[in-house]
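Hi everyone, thanks for coming.

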Amino acid sequence: MGRLEGKVAVVSGGGSGIGQSAAAALAREGAVVGLLDRNEAAIQETARSLGEAAFPLAADVADETSVAAAFDEVRRRHGRLDALLTYAAVQLVGEDAPVHDLELAVWERTHAVNLRGVFLTCKHGVRLMIEAGNGGSVVNCGSPTGVTMSGGGWAAYSSSKAGVMGLTRTMAADLAGYGIRVNGIVPGSIVTPLTQPLYDDPETRARLTALHPIGRVGAPSDMDGIAVFLASDESAFATGAHFYVDGGISVR
Ligand SMILES: NC(=O)c1ccc[n+]([C@@H]2O[C@H](COP(=O)([O-])OP(=O)(O)OC[C@H]3O[C@@H](n4cnc5c(N)ncnc54)[C@H](O)[C@@H]3O)[C@@H](O)[C@H]2O)c1
């Protein structure tokens, strides 16, 4: 029997990278998974590859009407939500910068998806969890850039991730009484479409690799184990915590 048998999950950013890999891992463990992403073609294709275990939820996390409609669809289909993984984000490579060089529009676009998007996804996902009355597990995605000096040069992205990590702790305090646990994951550098532009430059690739004491950067599947653990009842005593799965980058 799978570790997530009978559970309904939603993964934002489920059309690519870490979210797509996590969605497949949750489905392998028996969960039914809603893939919430603005890239419709990607979630259609991912859902097809996962068969009956997955369904697409086309939505823009920065837009409340769109997010609310996605969770209405989950409500209509399943009437419950057990696990919510909020992984959708942007990192505006070539535009993000230190504060004194940062355009307001870049700050706004980054925060609209990365922080407002997590807020809206949690707001409507948690409402469904509370309504269904079965408790649940929320997993938000932070970053070493939010809490270490590895965030230098990325004022918009890094501050959005610090915001998400703060929101995670606040939510854990507010939702414990409903049986809803809220934790964060902190990935190291993972090669995905989000970060591919960085890896296209051999010097940057070498520099990023050297930052990880473990001697390599990560693949999306390196983040699957923590996602399954936190979505499952195996992590029943964990809430308000951040789980670093980062090749050691945060402690060097
Ligand atoms: N890749 C890394 O090195 C790394 C490191 C630390 C943290 N993270 C975090 O991991 C998470 C996943 O990143 P990834 O590398 O897999 O990225 P990715 O670009 O491969 O996937 C992100 C997904 O989010 C979706 N998305 C973007 N904006 C959206 C919006 N407005 N509405 C709905 N969907 C939207 C994209 O369509 C895409 O499918 C992000 O939160 C990212 O900040 C990544």
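I'll go through some helix pairs and then turn to the pocket. Before that, please keep in mind that this is a predicted model.

Okay, let's begin with α4, which runs over residues 104–132. How far apart are the axes of α3 and α4? They're 9 Å apart, and the two helices pack at an angle of about 30°. That angle makes α3 roughly parallel to α4. If you're wondering about handedness, α3 passes α4 in a right-handed crossing. On the α3 side, the touching residues are Glu64, Val67, Ala68, Phe71, Val74 and Arg75. From α4 we've got several, including Leu120, His124 and Leu128. Sorted by class, that contact has 6 nonpolar, 3 polar and 4 charged residues.

Now follow α4 to another partner, α5. Their axes come within 8 Å and cross at roughly 20°, so α4 and α5 are roughly parallel to each other. This crossing is right-handed as well. The α4 residues here include Trp107, His111, Phe119 and Ile130, and among those they meet in α5 are Tyr157, Lys161, Leu167 and Met171. How does this contact divide by class? You get 15 nonpolar residues, 6 polar and 1 charged.

The next pair is α1 and α8, the latter covering residues 224–231. The axes of α1 and α8 come within 9 Å, crossing at roughly 50°. Because of that angle, α1 is oblique to α8. Again, α1 passes α8 in a right-handed crossing. Ser21, Ala22, Ala25, Leu26 and Arg28 are the α1 residues in this contact, and Asp224, Ala227, Val228 and Ala231 of α8 are what they meet. By class, it's 6 nonpolar, 1 polar and 2 charged.

Right, on to the pocket. You've met Tyr157 already: it's one of the α5 residues in the contact with α4.

Which helix gives the most to the lining of the largest pocket? That's α7, with 4 residues. The helices α1, α5, α6 and α7 each supply at least two residues of that lining. As for its make-up, the lining divides into 22 nonpolar, 17 polar and 5 charged residues.

Key. Residues numbered from 1 in each chain as written. Predicted model: local features only at pLDDT ≥ 70, side-chain atom pairs only at ≥ 80, totals over all residues. Heavy atoms only, no water. Axes fitted to C-alpha atoms, helices over the stretch in contact; angles between N-to-C directions. Parallel < 35°, antiparallel > 145°, perpendicular 65-115°, else oblique. Left-handed = near helix turned anticlockwise from the far one by under 90°. Contact = heavy atoms within 4.5 Å. Nonpolar A, V, L, I, M, F, W, Y, C, P; charged D, E, K, R; others polar.
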